[in-house]
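Open the model in a viewer and keep the selection panel at hand. The stops below say what to select and what is there.

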Amino acid sequence: YAKDDVTIDLGGSEGLGGVKEYEYVIVPKGEDLTNVDWSQANKAETDQDGNASIKVTETTDGTLVVRPVTELDEPGDPVQIPVRVDKTAPAAPQVSVEGYDESTGQVTVTLESGDTPSGVKEFVVNGETLTADANGKATWTGTVEELEKLVITAKDNAGNESEQTTLDGKTQGQLPVKPTAPAVSGAQAP
């Protein structure tokens, strides 16, 4: 996936008459590429050498179907070019505490984010990179003290970065607390 605009350069001649323009349609992923409605096609005019450029500026996951049209208004054979542009940042990570190990003082946290179309690649937690699974999730383990100061972002496969999720004392009172020795009452000093 590309993070920025994609420019596709086209060129060539179609024998007598040369290329006047290129017609093109972006067909979404999974849709039929053989029944393109050319009446809805966009057009890219050529320069004097028969060259043109098509700029994809929107988030796209599909196929660019393009064909030349001669000066005699005869269409040429279409060509299919995969186009994947993702300009959308993933959602800010959601954080949920999954477990607390009293013996080690470690907290297990699930991180989750969503992204369309390229998918979540990784999370960055206080500078540490964690690879996301196919569902846009990862697990982080640390201490309660570390959890209280986490800064988390998600990155997608195109390189877009989410807004930060910051835990700065927000979990206070919501985490399991390591038990302390019970107080003894009613005991009398010897």
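Select Thr-46: is Thr-46 buried or exposed? Thr-46 counts as buried because its relative accessibility is 18%, where buried means under 20% relative accessible area, exposed over 50%, and partly exposed in between (1.4 Å probe, protein chains only). This is a predicted model, in which local features need pLDDT of at least 70 and side-chain atom pairs count only at pLDDT 80 or more, while totals for chains, interfaces and linings use all residues. Residues are numbered from 1 along each chain as its sequence is written, and side-chain values use heavy atoms, with hydrogens and water left out.

**Around Thr-46**

Thr-46 sits in the loop between strand E3 (42–45) and strand E4 (52–56); strands (E, at least two residues) are DSSP runs, numbered from the N terminus. Show the side chain of Thr-46 next. One of its polar atoms is 2.9 Å from the backbone oxygen of Val-19, and the side chain of Thr-46 also reaches the backbone oxygen of Lys-20, at 3.0 Å. Both are polar contacts (a pair of N or O atoms within 3.5 Å; within protein, one must be able to donate a hydrogen and the other to accept it, and residues adjacent in sequence count only if both atoms are side-chain atoms). Leaving out residues up to four places away in sequence, Thr-46 touches Val-19, Lys-20, Glu-21, Tyr-22, Asn-51 and Ala-52, with contact meaning heavy atoms within 4.5 Å.

**Salt bridges**

The structure holds eight salt bridges, each a side-chain nitrogen of Lys or Arg within 4 Å of a carboxyl oxygen of Asp or Glu. Select Asp-5 and Lys-87, whose side chains meet in a salt bridge at 2.1 Å, N to O. This pair links distant parts of the chain, 82 residues apart: Asp-5 is in the segment before strand E1 (6–10), and Lys-87 is in the loop between strand E6 (79–85) and E7. Asp-5 counts as partly exposed at 34% relative accessibility, and Lys-87 is partly exposed at 35%.

Move to Glu-23 and Arg-67, where the closest N and O atoms of the salt bridge are 2.7 Å apart. Glu-23 lies in strand E2 (residues 19–28) and Arg-67 in strand E5 (residues 60–70), so the pair ties together parts that are 44 residues apart in sequence. Glu-23 is buried at 8% relative accessibility, and Arg-67 is buried at 15%.

Then take Asp-61 and Lys-29, whose side chains form a salt bridge at 3.9 Å, N to O.

Select residues 94–101 and 106–112, which are strands E7 and E8; they run antiparallel and are joined by seven bridges. Two strands pair if DSSP finds at least two bridges between them. Val-95 has Leu-111 in E8 as its bridge partner. Four residues separate the strands of this hairpin, and Gly-105 in the turn has a positive phi of about 75 degrees.

**Nonpolar cores**

Leu-111 leads on to the largest nonpolar core, where Leu-111 is among the residues with the most contacts inside the core. A nonpolar core is a set of buried Ala, Val, Leu, Ile, Met, Phe, Trp, Tyr and Cys residues joined through side-chain atoms within 4.5 Å. How many residues does the largest core have? It has 16, including Phe-123, Trp-140 and Leu-150. E8, strand E9 (120–125), strand E11 (137–143) and strand E12 (151–156) each give two or more residues to this core.

A second, separate core has 13 residues, among them Tyr-22, Tyr-24, Ile-54 and Val-56. Tyr-22 also touches Thr-46, where the tour began.
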